[in-house]
Amino acid sequence: MTAVTLNPGIQNRNLPSYLDPQHLGPWATYLEQVERVTPYLGQLAYWIDSLKRPQRILIVDCPIRLDDGSVAHFEGYRVQHNTSRGPGKGGVRFHQNVNLSEVMALSAWMTIKHAAVNLPYGGAKGGIRVDPRTLSITELERLTRRYTSEIGFIIGPDKDIPAPDVNTNPQVMAWMMDTYSMNTGRTATGVVTGKPVNLGGSLGRADATGRGVFVAATEAMKQVGVPLEGARVAVQGFGNVGGAAARIFHDHGAKVVAIQDVTGTIFSSAGIDPKAALEFLRRTGKIVGFPGTETLEPHELWTVECEVLIPAALEGVITEKTAPLITARVVVEGANGPTTPAADDILLEKGVLVVPDVLANAGGVTVSYFEWVQDFSSFFWTEDEINARLDRIMKEAFSSLWEVSQRHKVSLRTAAYIVACTRVLEAHALRGIYP
Ligand code: NAD
């Protein structure tokens, strides 16, 4: 047989990512988190296997015509992890490292998050394995539309409702909504959330996740006695979540001392004005070089002296290696899955309070829920109403999970999993197994 040599780019594109042993990480993290909580579930543990496998996995090929006339294929996913408590819901990620394990884990974390905060949804997530920076805007639109068409038969306002995640935004949601609407013959605003406001989007959605991170962080800071005024904050990720969180902390008197994004890491002991840094990023395409700051090596972020650390980029960054370096009193997980279970143990031992992703970043999906409700009723609320409801839900969720963590003497993450798994498995047990 003649050996066929493929060019490395094509080889990489054709290799099913879930066969790549390098990419088993996030799903393994989720499984370990579920294992840890099982002893607290009593008789409901009988049903635990239903949480250890996604209900539905769809892998799609998305061919698109590039601007130069050639055709490129991209691998897309939509995973519905569990719909016992309601329709699936979860974001869509465009990233070159997206793979099945990651999307499975992200969909499962959505199941846990919705149940922990008591939103009437199951968990889902989607993504395309693509570096969107390599595509023109028209190529990105074609890819989004093809992906939406391919997953169209399993999404819908009462089935599964996508939203933005890493590298997707209101414009991408507008294309998804339009494609789904064209394919179904009616304008269905409720099929996605995180849309532009004049297309059925909600006021307050853009800042919602960052705002929720801020509310959860301040509740946690009260518990460990760290005053907000002057608190030093370090942020990894300066997008939707990290950008808004940094801005809101700054506006409330905290000092943002370090910011890291994919382009680099900046530090200033005197504090960075996130609004000006975002403007600088918009103008120059990077944060490094922002006046008044020094540049750090990426790994130095973890050593920055601070009271609050907000990982708000990607998963698996706080590990056995980085956790021992952390000086913060509170770690607030803006990102999904940033802390490995081994790192969790290290932080617990060091007395660092970790506000887990399923609580800390639930503000985004909470306002997505408000958006979905507003779309169904075609009646829209003011931004003040939305922010007030968001603050109330975040504070109530924090205090009820805090109470569970104190009662069982467990971390906030384990408390969130106890509450969430109980809610999901109760629903599952009540519904029974079909047929
Ligand atoms: P985004 O695309 O708006 O921003 C991502 C940020 O991370 C960017 O600043 C990017 O430069 C930075 N980044 C990427 N790779 C990095 C690296 N290797 N090192 C350092 N920084 C890096 O994405 P987002 O919507 O802000 O999402 C960030 C995280 O928050 C993800 O884990 C996502 O799942 C989670 N999340 C997002 C929302 C939401 O509403 N957007 C809600 C809940 C959770």
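A search of the whole structure finds zero disulfides, where a disulfide is taken as a pair of cysteine sulfur atoms within 2.5 Å. In general, a disulfide is a covalent bond between the sulfur atoms of two cysteines. C62 counts as buried because its relative accessibility is 0%, and C421 is likewise buried, with a relative accessible area of 0%; here buried means under 20% relative accessible area, exposed means over 50%, and partly exposed lies in between, with a 1.4 Å probe and protein chains only.

This is a predicted model, in which local features need pLDDT of at least 70 and side-chain atom pairs count only at pLDDT 80 or more, whereas totals for chains, interfaces and linings use all residues. Residues are numbered from 1 along each chain as its sequence is written, and side-chain values use heavy atoms, with hydrogens and water left out.

Around the ligand there are 22 residues, of which D165, T209, F238, N240 and N336 come nearest; a residue is counted here if one of its heavy atoms lies within 4 Å of the ligand. By type, the residues of this shell divide into eight nonpolar, ten polar and four charged, where Ala, Val, Leu, Ile, Met, Phe, Trp, Tyr, Cys and Pro count as nonpolar, Asp, Glu, Lys and Arg as charged, and the others, Gly among them, as polar.

| Residue | Distance to a ligand oxygen atom |
|---|---|
| F238 | 2.8 Å |
| V241 | 2.9 Å |
| A313 | 3.0 Å |

On its own the ligand has 820 Å² of accessible area, and the protein covers 84% of this, with areas from the Shrake-Rupley method and a 1.4 Å probe. The elements that give two or more residues to the shell are α6 (205–224), α7 (240–251) and β7 (255–261); helices (H or I, at least four residues) and strands (E, at least two) are DSSP runs, numbered from the N terminus.

Two loop residues complete the report. E315 lies in the loop between β10 (308–311) and β11 (330–332), and E315 counts as buried because its relative accessibility is 15%. G185, in contrast, is found in the loop between α5 (170–184) and α6, and G185 counts as exposed, at 68% relative accessibility.

Note on methods:
A polar contact is a pair of N or O atoms within 3.5 Å; within protein, one must be able to donate a hydrogen and the other to accept it, and residues adjacent in sequence count only if both atoms are side-chain atoms.
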